[in-house]
Amino acid sequence: MQFIHDWLPQRVRFASGNAAEAVADEVRRLEASRVMAIASDAARAEPVLAGVPVAVLHTDVAMHVPVEVAERARAVAAEHGVDALVCVGGGSTTGLAKAVALTTGLPIVAVPTTYAGSEATDVWGLTADGRKTTGIDPLVLPRAIVYDATLVLGLPVPTSVASGLNALAHCVDAMWGPRADPIDRSLALEGIRALRDGLPRVVEDPMEPSAREQTLYGAYLAAVAFASAGSGLHHKICHVLGGMFDLPHAETHAVVLPYVVALNAPSVPDLDRRMADAFAAGSALAGLLDLKRELGAPRALRDLGLRAEDIPEAVRPILDAAPSNNPTPVTPENIESLLRSAWAGEEPA
Ligand code: NAD
């Protein structure tokens, strides 16, 4: 074996029903006394902040972190002389805390309430004039994560399904991403198992804490594996489609994933078999399609607003962005065919 694996330095706590105590402890470990709390929903955050010395609670959060939203949050941090950030919310909320940390170096304690996984990566994103820029910086990696399944009970089922399949896409792409190594794959496979087990139970009973725990655990493993392996073909396709046609983030992932598995899995039979085992199915594709059916997940890009005539325009940017070590070499023909099938929602071959 020849590989190098970088672990990101971060504490992770699973504390179902105990977020307040765990967050207070993490803030004490940072020796912080003036915290800026960032949350999209104050009512969801306040109980979590009970033991935290909050100097200011900031709720001006927006999807994809527009630059002006980041500037306002940085100004609030400076005005209140804060010494740490606690964010309670989904990927958009974590993203705003990262934007503040990027320019101030303030440490973050992250309390995620979706399955987006941003809390476990050192990737930041900012949007200006409709264009999203991303970058990697160790300053934005939260120092600690506190997962509390009881905070996710209210996440609506359709959002849970889309967000959970977004996490599953992190696992699958981590199997063959540009820097995928054996450690990423072992984390990703355990992530698939946890999501495969938890998501159907979330759909059946969204208020069941153990199902939420499993899905959060899977989403965390997914993000760690993905951050190390880097964006594979699936994420490149979704990034191009999202950027060019403003398609919804998590739902686009949910639709595209089986088509990428159908393209890549035949070229890597060993990885296909290991994913199939994790899905407890005959193949990775069969496992994924069964799961999507069980969850009632979105099926076609045309239902998300993509027009058939937009497809040819997306092919070249996807070919340019695809990792050179993608298991199945990409061609204009196989990418266009993938997009047409995903647009129509056809059963992937
Ligand atoms: P989001 O944070 O925008 O949340 C979606 C909606 O769900 C919001 O309206 C939010 O208020 C609501 N919500 C959140 N938690 C809830 C709960 N527990 N109960 C009820 N409602 C709740 O969306 P997201 O999918 O979590 O994150 C998407 C963003 O994260 C995108 O901008 C994406 O690019 C980014 N992201 C970044 C990384 C990274 O590594 N930097 C990784 C994944 C995603």
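Predicted model: local features only at pLDDT ≥ 70, side-chain atom pairs only at ≥ 80, totals over all residues.

Biologist: Is Phe14 buried, exposed or partly exposed?

Modeller: The relative accessible area of Phe14 is 39%. That value falls between the 20% and 50% cut-offs, so Phe14 is partly exposed.

Biologist: How many aromatic pairs does a search of the whole structure find?

Modeller: Rings of Phe, Tyr and Trp (its six-membered ring) pair if their centres lie within 6.5 Å; planes under 30 degrees apart are stacked, over 60 edge-to-face, and the rest tilted. With that rule, the number of aromatic pairs found in the whole structure is 3.

Biologist: What kind of aromatic pair do Phe14 and Tyr147 form?

Modeller: Their ring centres are 4.7 Å apart, with 25° between the planes. Phe14 sits in strand 1 (residues 11-14) and Tyr147 in strand 8 (residues 144-147), so the pair ties together parts that are 133 residues apart in sequence. Strands here are DSSP runs of E with at least two residues, helices are runs of H or I with at least four, and both are numbered from the N terminus. By its plane angle, the pair of Phe14 and Tyr147 is stacked.

Biologist: And is Tyr147 buried or exposed?

Modeller: Its relative accessibility is 1%. The cut-off for buried is under 20%, so Tyr147 counts as buried.

Biologist: Phe14 also pairs with Tyr217; how many residues apart are they?

Modeller: Phe14 and Tyr217 form an edge-to-face pair, 6.3 Å centre to centre with 75° between the planes. Tyr217 is partly exposed, at 29% relative accessible area. Phe14 is in strand 1 and Tyr217 in helix 7, so to speak distant parts of the chain, and they are separated by 203 residues.

Biologist: Helix 7 has come up, so how do helix 6 and helix 7 run relative to each other?

Modeller: Two packed helices are described by the angle between their axes and the distance between the axes. Axes are lines fitted to C-alpha atoms, for helices over the stretch in contact, and angles run from 0 to 180 degrees between N-to-C directions. The axes of helix 6 (residues 182-204) and helix 7 (residues 209-229) come within 7 Å and cross at roughly 150°. Since angles under 35 degrees count as roughly parallel, over 145 as roughly antiparallel, 65 to 115 as roughly perpendicular and the rest as oblique, helix 6 and helix 7 are roughly antiparallel.

Biologist: What about helix 3 and helix 4: what is the angle between them?

Modeller: Helix 3 (residues 67-79) and helix 4 (residues 91-104) pack with their axes 9 Å apart. Helix 3 is oblique to helix 4, and the angle is about 60°.

Biologist: Where does Val65 lie?

Modeller: Most residues other than glycine have a negative phi. Val65 has a positive one, near 45°, and at 5% relative accessibility Val65 counts as buried. Its place is the loop between strand 3 (54-58) and helix 3.

Biologist: Is Ala280 buried or exposed?

Modeller: Ala280 also has a positive phi, about 55°, although it is not a glycine. Ala280 lies in the loop between helix 10 (269-279) and helix 11 (284-295). At 71% relative accessibility, Ala280 counts as exposed.

Conventions:
Residues numbered from 1 in each chain as written. Heavy atoms only, no water. Buried < 20%, exposed > 50% of the residue type's maximum accessible area, 1.4 Å probe, protein only.
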